[in-house]
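Please look at the model below and take your time over it.

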Amino acid sequence: MRQHRSDSGAEEAVPARARVLAVAVVTAEGAVLAGMVEAAFRIFLPWYTSTGLHNLDPNAFWLAPVANLVLLLPLTTGVGALAWFTGRGDRATEWMRAAAYSYAIAQGTLLIGRLHAVSSILLAIGLGLTVASVTAGNRGARVLRSFAAAGAVAALLWSIGLPVGRRIQYRRVAQNLPAAAPGAPNVLLLILDTVSAREMSLYGYSRETTPVLDSLARTGVVFDRAIASAPWTLPSHASIFTGLPANELSTRFRVPLDDSTRVVAEAFASAGYVTGGFAGNLEYASHASGLARGFHWYVDFVPSFSRAITSTALGARLARRLAHWTGRPLPAGRKDAAEVNREFLAWQPRVEGRPWFAFLNFYDAHDPYVPPRAQERRFMPDGMQPVYEMTNVKPTDRSSVLAARALHDAALFSLDHAIGQLLEELRARGELERTIIIVTADHGEEWGGHGVLLHGNSVYMPAIRVPLLVVYPGHVPAGVHVAAPVGTRNLARTLLALAGVPDADFPGRSLASHWQPGSTSSGPVAVVSWVEKAINQPPDLPASRSDLYSVVTDEAQVILGADTVVFDLQAAATPSAIRALDPRFTDDLRLALRTVRRQR
């Protein structure tokens, strides 16, 4: 955009409206191009996520251009202002385009984790200047503008078509379901991400972390030693959904659940249930994980302004930098229990008189531990500084571990409160009385007791012993505690049996045998958990040398890996010492392991 010259040769000022229009056009063009660059990199470069799964947020394809408008506007405005106020107004548009193209390319180079951030930006600037120079002519500029215009139209159509298409598909599938059995109950499966049984006041923890679940437990059956199939999210959820041991499934650190096995949501759908899933864990419980199969309505990523910003490469980096400056991780893009509840409660009335099966995954207690500010110091002693993440904490740094655990417990308390609000709303809607409720967790957390922190790197009891409550008034006895160890992989079969859904071929055994009068449990003599060998992890972690198997019986836990370790579970409430290996005792456990691994 050139400035006009008067007859005397002096430059005339470009009208303010023209300047604003120039900034707006260039910013919009750059924002759309940046979104297109990001989309291409996200589709073809799967390593941009920490999980290694092709974990794409479908909303990002239209959210990213919107967010880029916000992020790019200060840059183009500043560059344009610099040109105008330095007497180079005739080059303003050219300069702004160079800045916009550099920004757009940076959204791709910043996603390449192998490049340092500064190198990524310098590379983008060089490429952006080159593109601006090559397209400086009217023809080149028109090509890019046309390309950006097509991208803007595509993003607009995607933003409308995505939710509309999902609703049309949902209505079509729901209308074609078979008739459900008369009086079929609803089924509500609540999975608390990263919550060990020992961290709940329900199981005798010194802190009152779960008053709502304490009360709920008095109306049903509590399993005192429920064992997860794996110490991390994806295989544990997959085992719950399929009834199969984790080591027999496709799920790995970079591999989702495949479609070779039937899932419990499919069984309920075949019985006339409307199924809905609502995931708080957006890394390992999204559509990309394979866990959404069988659900008619599944919600993981949802559009919001904060997610729009963090959906861009630059926005995500700025958010991390801001979190570093403030010392507190930003909740942008993270779903708390209240949001998961809202998603479920918005869906539940749309079942149109049919029974429903709903799965809710709550991510509140997962690291980084960021409870609501009002609860942050609930369990933290005076003078203790919060530690939100343990990525760089050593197990021997007890003060940091204790501070992190206090935040985790506060997050669990807030999650418990949200569950109470959910149940009260279902009661007000008249749904609670005819709903089977199961509350469990996918895994626990290590707090340095075995020289390890977090989860996914060991199969010690703190990582695999999880809560398990079964509530169904009039069908499940109240106030019953089951001491025998049970595996969470049996939950699918238990839910189907309680709901009266005939499915003799579904793997696992109903846990109802533990509370029904006259029933005897003929299940495995031991409960197995498994975690695959970790890659690119510190060598001192238990899973860094080999796959690990845990076998839990009434008397002991044996861990089989590079070494064999046995814990005597009868010696104390929580095993604190490794007992001497008894060859006969270990052989019995090995026989139990072989027996369980053969089961399908």
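A crossing of two helices is called left-handed if the near helix is turned anticlockwise from the far one by less than a right angle, and right-handed if it is turned clockwise. With that in mind, turn to α3 (residues 92-109) and α4 (residues 117-134), whose crossing is right-handed. Helices (H or I, at least four residues) and strands (E, at least two) are DSSP runs, numbered from the N terminus. This is a predicted model, in which local features need pLDDT of at least 70 and side-chain atom pairs count only at pLDDT 80 or more, while totals for chains, interfaces and linings use all residues. Residues are numbered from 1 along each chain as its sequence is written, and side-chain values use heavy atoms, with hydrogens and water left out.

Two packed helices are described by the angle between their axes and the distance between the axes. The axes of α3 and α4 come within 7 Å and cross at roughly 135 degrees, where axes are lines fitted to C-alpha atoms, for helices over the stretch in contact, and angles run from 0 to 180 degrees between N-to-C directions. The two helices are therefore oblique to each other, since angles under 35 degrees count as roughly parallel, over 145 as roughly antiparallel, 65 to 115 as roughly perpendicular and the rest as oblique. The contact (heavy atoms within 4.5 Å) includes Y101 and I105 of α3 and L123 and L127 of α4. By class, its residues divide into 11 nonpolar, 4 polar and no charged, where Ala, Val, Leu, Ile, Met, Phe, Trp, Tyr, Cys and Pro count as nonpolar, Asp, Glu, Lys and Arg as charged, and the others, Gly among them, as polar.

Helix α3 also packs against α1, at an angle of about 20 degrees and with the axes 8 Å apart, and α1 and α3 are therefore roughly parallel to each other. Their crossing is right-handed, and the residues that meet include V26, L33 and F41 in α1 and M96, A100 and Y103 in α3. This contact has 13 nonpolar, 5 polar and 3 charged residues.

What lines the largest cavity? A cavity is, on a 1 Å grid over the protein atoms alone, a set of points where a 1.4 Å probe fits but cannot get out, and lining residues have an atom within 4 Å of a point. The search of the whole structure finds 1 cavity of 30 Å³ or more, and about 40 Å³ of space lies in the largest cavity, a volume being the space filled by probe spheres set on the points, which are joined across faces, edges and corners. Its lining consists of G35, E38, A39, R42, A60, F61, A64 and S311, and α1 (16-44) and α2 (60-85) are the elements that give two or more residues to it. The largest share, 4 residues, comes from α1.

Finally, consider the backbone. Most residues other than glycine have a negative phi, and most peptide bonds are trans. In the loop between β1 (186-192) and α6 (211-217) lies T194, whose phi is near 65 degrees, a positive value in a residue other than glycine. The peptide bond from D367 to P368 is cis, with omega near -5 degrees, and P368 has its place in the loop between β5 (356-362) and α12.

Key. On a 1 Å grid over the protein atoms alone, a cavity is a set of points where a 1.4 Å probe fits but cannot get out, and a pocket is an open set with protein on both sides within 12 Å along at least five of seven lines; lining residues have an atom within 4 Å of a point.
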